[in-house]
Amino acid sequence: SKYLNEVTVVCREGAEITKSIMNSAVKTKGRILCPMGSIIGGEVIALMGMDVGVVGSELGTETSIVSGIDYELEDKICTYETQCRELTKEIDRINRILGPILANKQKLMALSPEKKMALKGLLQQIKNYKQEEKTLHEQLEGIQNEGGGTRAKEIHVRKMLYSGVKVRIGKCFRTIKMEVKGPVRLKEDAENETVSISNLMV
């Protein structure tokens, strides 16, 4: 394609764009090739990295580039993390109800049969929630371990990387503070928990 403008694109193979990707959401399990073009606005996620001419703009258009991330796994992880947070909230809510009752033996003994039944139901509910929470955490851990396959944890920018661009490579993040003239290589620097920028020999 020559242009991608204000579109959402999801593809398993890589994509070659000759001119520009503007204000678009692009997700691919391949590589993004746009060495003579630009990415301005939106978010581009490429499991196998990207080669692009210009990223961002002088106006500071909000632009995000992501490499070495499997978008399908990321979506699954987000879903599980949301479910875990909701369960934790519910467990905390029930604990706040049960805490004062269980701490006071006299109050506990004085409960009517109906309230004792309700209390028993809450105790069973919290037990079920904790089991569900444990299962979700195990599933989440399994999904995260899936992410160890082939991936490219670097991005090549040939001409200009503008200030304000958000970069994520693997588990590392960096927001560009000053414009960087290319050609440069952006790589995951796991040891320092950042994205490194170095000269790219072309």
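## Cysteines without partners

A disulfide is a pair of cysteine sulfur atoms within 2.5 Å. By that rule, this predicted model holds zero disulfides. Cysteine 34, for one, is in no disulfide: the nearest cysteine sulfur belongs to cysteine 11 and lies 13 Å away. For cysteine 78, the closest cysteine sulfur is that of cysteine 84, and at 12 Å it is too far for a bond.

Now for their surroundings. A residue is called buried under 20% relative accessible area, exposed over 50%, and partly exposed in between, using a 1.4 Å probe and protein chains only. Cysteine 34 counts as buried because its relative accessibility is 0%. Cysteine 78 is partly exposed, since its relative accessible area is 43%.

Let us turn to a strand. Strands (E, at least two residues) are DSSP runs, numbered from the N terminus. Strand E6 covers residues 50–55, and six of the six are buried, so the rest of the structure largely encloses this strand.

Two strands pair if DSSP finds at least two bridges between them. E6 pairs in the parallel sense with strand E5 (residues 32–46), over five bridges.

## How to read the values

Residues are numbered from 1 along each chain as its sequence is written, and side-chain values use heavy atoms, leaving out hydrogens and water. As the model is predicted, local features need pLDDT of at least 70 and side-chain atom pairs count only at pLDDT 80 or more, while totals for chains, interfaces and linings use all residues.

Technical notes
Helix = DSSP H or I, 4+ residues; strand = E, 2+ residues; numbered from the N terminus.
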